[in-house]
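Student: I have a model open and would like to work through it with you. Could we take it step by step?

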Amino acid sequence: MGLLKIDLHSYLNFESLQNLIDTMSKTLFDKVWDSHVVKHIENGPDVLFIDRHLVHEVTSPVAFLGLKNRGIKVLYPERTFATADHNTPTLNQHLPVKDQLSANQLRALEENAAAHNIPYWGLGHEKNGIVHVIGPENGITAPGATIVCGDSHTSTHGAFGAIAFGIGTSEVEMVLSTQCIMQPKPKKMRININGSLSKAVTPKDVALFIISKLTTSGATGYFVEYAGDVFKNMSMEGRMTVCNLSIEMGARGGMIAPDEKTFEYIKGREYTPKGADWDNAMAYWKTLYSDSDAVFDKELTFEASEIEPMITYGTNPGMGMGIKNDIPLAEAVEGGVATYKKSLEYMAFHEGDAMIGKPIDFVFLGSCTNGRIEDFRAFASIIKGRKKAENVTAWLVPGSHRVEEAIKEEGILDILHEAGFELREPGCSACLAMNDDKVPAGKYAVSTSNRNFEGRQGPGARTLLASPLVAAAAAVTGKVTDPRELMEEAFA
Amino acid sequence: MAYDKFNILTSSAVPLPIENVDTDQIIPARFLKATERKGFGDNLFRDWRYNADGSPKEHFVLNNPIYSGKILVGGKNFGSGSSREHAAWAVYDYGFRCVVSSFFADIFRNNCLNVGVLPVQVSAGFLDKIFTAIEADPETELKIDLSEQSITILATGESENFEINGYKKQNMLNGFDDIDYLLNIKKDIEVFAENTPL
């Protein structure tokens, strides 16, 4: 601690020393959080100012109703952005939405956005897409910002060094009406991974690996910073995938210090500052890192070489393992044996089973976790020159129209078509199966999404979470397959 | 949204000794299409409670008439997953005013506090005692005293204190919500916003 060398007498009072400590030894999270506290309530939460609020059709209508009942308007519509994604069809988006309840919800958002002067990027709009895909695409996501949305995967935006987290509908109403939220400051955790990732190990595998080590509640109460070689070397899209999955280990959010890669990504996007504002913003953004002597409440370190291509075998995202491993025995698992057995029973798997070779029925490529262009490139790299397995139904759903455009421009669509795949229109789709993209009861889906909960992809559906590479390998073989085998073939 | 004040609740409880109960189980996504906060209690634990044809699953605890009450007792890591407040609404609308567990997921806990459901976190040992007491007598009553921050198994007199931040406690005791508070400091917020570029 360098601070001990300071001559205390040279400081006038404790407060100035405290200020010095505050400025010298903060984590990235502290820096962003503390600069957004409007007011601290004694023995209570902080009133936290929210820079940008993303709104979608499912968790907002009751919040807007609340504003109506109170007779108030959205305080800062210019800080608020609305899109339709959760409850939208992925085919024939140009036609009226058939499901009446879904259509009502979409109409409600459109009307609410119009009534409150909020930009609304509905179905068919060129900027439409999954809320956590379009935020970064349009420069709404910025380093050092506070960002919320009524969706737990808001943690995605932490990839840019923002504090971003999911909120409930009462909190959506709070932010709409006052641009603030009341939150106790979470504890801080840092997860370090150094070294180089092995072949076919993607950001999704890194995240599933961490969650398998921490369990789904291991980071509850914490905000996580990811640090080390692996995250430094990761693309922005990869960082988004990792931060996206922070909630799956219970963390409210995850973040990565912004660097040149971050600035390069956001430069020139629609809502990114321009000219002198950009220079001012850069001066601030460059201060956004954890100081070398900053203290975390918890710190974990892993080696990149430990991580294999991952797959889940159970009904929460913590039930994952290297794809070549066998399903653990109940006695080897921490926690409740009854809960573990119930989970395997739902999946119709058995302790000690190998996952490799298990037949599958559906493949889903998409979601806010893995619905970006790099995910489609990875998928295409495996299926190129092969054919979709006949027993597999594949839903390939881009995260946004921009992603869809890139898929076409880069020739990926041709590769998909040649291999017997179709591309759908953007949306959350089978990640939560609110629309028609439901996996039937008892069927197995290898899915690049984020949750394998019972019934998540449709009542009775069985989900295996994995990377786009593992999904692609399953899509062309019809069973759980180690993608490295197909990559070796390609290189041979 | 306003809710009933919470002070002392004495009630029998419904046991759900399963860990990692996620909000997709509490209310599946296909029931999130409403534009009003109505009728979510009917679909609480929908797929654990009903078969595909709508008939009740006999073995599920909500379908077992020997269990009832305003307290739901769940296993560790209750309410993980999706941020959907509909899960807390469903719990409230069904008639529960309190959920007891040895560990709660963050967002679900916040959502409960915002809609008038008190999340009571107890030690793993005390949770076991509650499950044992309910197993011995499904009509056994728990007393939850928010002012005292205590939960008591009335049959045995065993008691434990629970944590809640002072601000939220006052809100629950008085039936206030956060927006009332925030609207009162709107001037401070506006000054802050002026100094915070987009």
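Predicted model: local features only at pLDDT ≥ 70, side-chain atom pairs only at ≥ 80, totals over all residues.

Student: What is the area buried between chain B and chain A, and what share do carbon and sulfur atoms give?

Tutor: The contact draws 68 residues from chain A and 55 residues from chain B. On the side of chain B, the residues that lose the most area to chain A are B:Lys33, B:Phe192 and B:Leu198, together 15% of what that side buries. For the two chains, carbon and sulfur atoms give 61% of a buried area of about 5000 Å².

Student: How many salt bridges are there between chain B and chain A?

Tutor: A salt bridge needs a side-chain nitrogen of Lys or Arg within 4 Å of a carboxyl oxygen of Asp or Glu. B:Asp24 and A:Arg456 meet this way, at 2.9 Å from N to O. Between chain B and chain A the count is four.

Student: And how do the residues of chain B that touch chain A divide into nonpolar, polar and charged?

Tutor: Across this interface there are 23 residue pairs in polar contact, both residues being at pLDDT 80 or more. Several helices of chain B each supply at least two residues to the side that touches chain A, among them H1 (23-26), H6 (166-174) and H8 (186-194). That side divides into 23 nonpolar, 14 polar and 18 charged.

Student: Which elements do the buried residues of H6(B) pack against?

Tutor: Seven of the nine residues of H6(B) are buried, including B:Tyr167, B:Met172 and B:Leu173. At the start of the helix, a side-chain oxygen of B:Asn165 comes within 3.1 Å of the backbone nitrogen of B:Tyr167, and after the helix comes B:Gly175, with a positive phi near 75°. The buried residues pack against H4, strand E4 (118-121) and H7 of chain B, together with strand E8 (180-183) of chain A.

Student: Last one: why does A:Asn244 count as buried?

Tutor: A:Asn244 lies in helix H9 of chain A, residues 236-244. Its contacts, leaving out residues up to four places away in sequence, include A:His153, A:Thr369 and A:Asn450, and its side chain reaches the backbone oxygen of A:Cys368 at 3.3 Å. Buried means under 20% relative accessible area. A:Asn244 counts as buried because its relative accessible area is 0%.

Technical notes
Residues numbered from 1 in each chain as written. Chains lettered and ligands numbered in written order. Heavy atoms only, no water. Contact = heavy atoms within 4.5 Å. Buried area = accessible area lost by both parts, 1.4 Å probe. Polar contact = N/O pair within 3.5 Å; in protein donor to acceptor, adjacent residues only side chain to side chain. Helix = DSSP H or I, 4+ residues; strand = E, 2+ residues; numbered from the N terminus. Nonpolar A, V, L, I, M, F, W, Y, C, P; charged D, E, K, R; others polar. Buried < 20%, exposed > 50% of the residue type's maximum accessible area, 1.4 Å probe, protein only.
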